[in-house]
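Dear colleague,

Please find below the sequence and structure that I am handing over to you. A summary of the findings follows directly after them.

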Amino acid sequence: MSDQDLIYKIVGEKVTNIKKIPFGVSNVNFLVNDKFVVRIKKEKEHFYSYRHEKEILHKTSTLYLSEIVKYLDKDGNKVSEYIQNSHIYSGKNDEIIMAAKMLKKLHQSPVKTRIKFKPFKRYSYYKNNSNGDFFPHEDAVLKATHKLYRKYNLVICHNDVVDNNLLYTKNKSYLIDYEFAGKNIFLFDLASFISENNIKNEKKIKLFLNTYDFPLTNIRELNIMIMFLNLLWYYWSLERFNKTKLNIYQTIANVKKRNIKDDINHINKTKFF
């Protein structure tokens with residue numbers, strides 16, 4: 001079935017206008033009738049479950065963080081209400097503040113679920129199916145990250161706080177797309193926002209952490225998590241490239257590999273471990 005035929009099938013009304021939205025890695029997104037965003041899932045990630053995404057969306061709906069989802073099928077295809085006059089995260093200070101507040105609200109919510117992100121299981125699967133390099137600091141990073149998971153409780157997390165999943169209008173901010181959502185430690189989302197959006201400016205990082213009320217004395221823990229995420233998503237992107245042969249995943253892997261080399265240089269200079 002073509003994308004257009006699928007859109008006609010799932011929108012539930014006459015389709016008069018379709019525009020492709022230039023965002024998404026494993027998905028293709030369309031603006032339909034200037035009021036719906038249709039996500040067509042092209043590549044199914046090994047750990048993805050539409051049931052899990054549907055449950056998280058339902059249970060977090062009272063937090064009013066996400067867009068309004070009208071439809072989600074077993075193939076991961078989704079129809080959401082289009083947020084008029086919105087833009088993705090662009091690095092402005094007010095956007096950083098709103099992102100920190102949204103994550104804090106999500107992490108402190110009373111939402112209960114059995115769905116877990118399972119970072120170490122993912123790490124092992126991605127690595128074993130990636131044909132990627134081994135790095136000299138990996139064992140130390142894994143050991144330190146395991147300690148963090150013994151220290152902190154699991155809370156509901158988004159787990160993919162990249163710019164395309166942060167939308168802003170004049171009066172409101174949104175955290176969208178819950179494909180990776182599940183229980184995790186809060187540090188994962190904080191590290192995700194900083195590392196996935198390539199935030200290097202110390203003032204912006206401090207603004208984000210201070211707004212979240214994260215103690216700067218614990219910055220070492222955050223750096224450990226960022227190192228772990230660089231490894232995790234490096235192996236993920238190579239695993240995805242091996243399965244799909246899409247160049248976007250190779251591009252992501254190259255970015256993560258550069259970050260990993262920076263991590264190794266930092267460790268060697270500072271005797272981090």
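I begin with Lys 41, whose side chain makes a polar contact with the side chain of Asn 27 at 3.2 Å. A second polar contact, at 2.3 Å, joins the side chain of Lys 41 to that of Glu 179. Please bear in mind that this is a predicted model. Lys 41 belongs to strand β3, which covers residues 36–41. With a relative accessible area of 9%, Lys 41 is buried, the cut-off for that term being under 20%. Apart from residues up to four places away in sequence, Lys 41 touches Ser 26, Asn 27, Tyr 48, Asp 75, Gly 76, Asn 77 and Glu 179.

Glu 53 sits in helix α2, residues 50–59, and counts as buried because its relative accessibility is 1%. Its side chain makes a polar contact of 2.9 Å with the side chain of Arg 39. Between Glu 53 and Phe 180 there are 7.6 Å in space, C-alpha to C-alpha, although the two are 127 residues apart in sequence.

Charged pairs

The structure holds 19 salt bridges. One of them is formed by Lys 78 and Asp 177, whose closest N and O atoms are 2.6 Å apart. Lys 78 lies in strand β5 and Asp 177 in the loop between β9 and β10, so this pair ties together parts that are 99 residues apart in sequence. Both Lys 78 and Asp 177 are buried. Through shared partners, salt bridges join Arg 39, Lys 41, Glu 53, Glu 67, Lys 78, Asp 177 and Glu 179 into one network.

The side chains of Lys 44 and Asp 75 meet at 3.3 Å, N to O. This pair links distant parts of the chain, with Lys 44 in the loop between β3 and α2 and Asp 75 in the loop between β4 and β5, 31 residues apart. Lys 44 is partly exposed at 48% relative accessibility, and Asp 75 is partly exposed at 30%. In the other salt bridge, the side chains of Glu 55 and Lys 59 meet at 3.2 Å, N to O. Because these residues are four apart in helix α2, about one helical turn separates Glu 55 from Lys 59. Glu 55 is partly exposed at 27% relative accessibility, as is Lys 59 at 34%.

The nonpolar cores

The largest nonpolar core has 72 residues, and those with the most contacts inside it are Phe 193, Met 225 and Phe 228. Helix α8, residues 219–244, gives the most to this core, with 15 residues. Another core lies apart from it and has twelve residues, including Ile 10, Val 28, Val 38 and Ile 40. Helix α6, residues 186–196, is mostly covered, with ten of its eleven residues buried; Phe 193 is one of the buried ones.

The chain as a whole

The protein chain contains nine helices and ten strands. Its radius of gyration is 19 Å, close to the 19 Å that the globule rule gives for 273 residues, so the chain is as compact as a globular protein of that length. Of the 273 residues, 53% count as buried.

With kind regards

Key:
Residues are numbered from 1 along each chain as its sequence is written. This is a predicted model: local features need pLDDT of at least 70, side-chain atom pairs count only at pLDDT 80 or more; totals for chains, interfaces and linings use all residues. Side-chain values use heavy atoms; hydrogens and water are left out. Buried means under 20% relative accessible area, exposed over 50%, partly exposed in between (1.4 Å probe, protein chains only). Helices (H or I, at least four residues) and strands (E, at least two) are DSSP runs, numbered from the N terminus. A nonpolar core is a set of buried Ala, Val, Leu, Ile, Met, Phe, Trp, Tyr and Cys residues joined through side-chain atoms within 4.5 Å. A polar contact is a pair of N or O atoms within 3.5 Å; within protein, one must be able to donate a hydrogen and the other to accept it, and residues adjacent in sequence count only if both atoms are side-chain atoms. The radius of gyration is taken over C-alpha atoms; the globule rule is 2.2 Å times the number of residues to the power 0.38. Contact means heavy atoms within 4.5 Å. A salt bridge is a side-chain nitrogen of Lys or Arg within 4 Å of a carboxyl oxygen of Asp or Glu.
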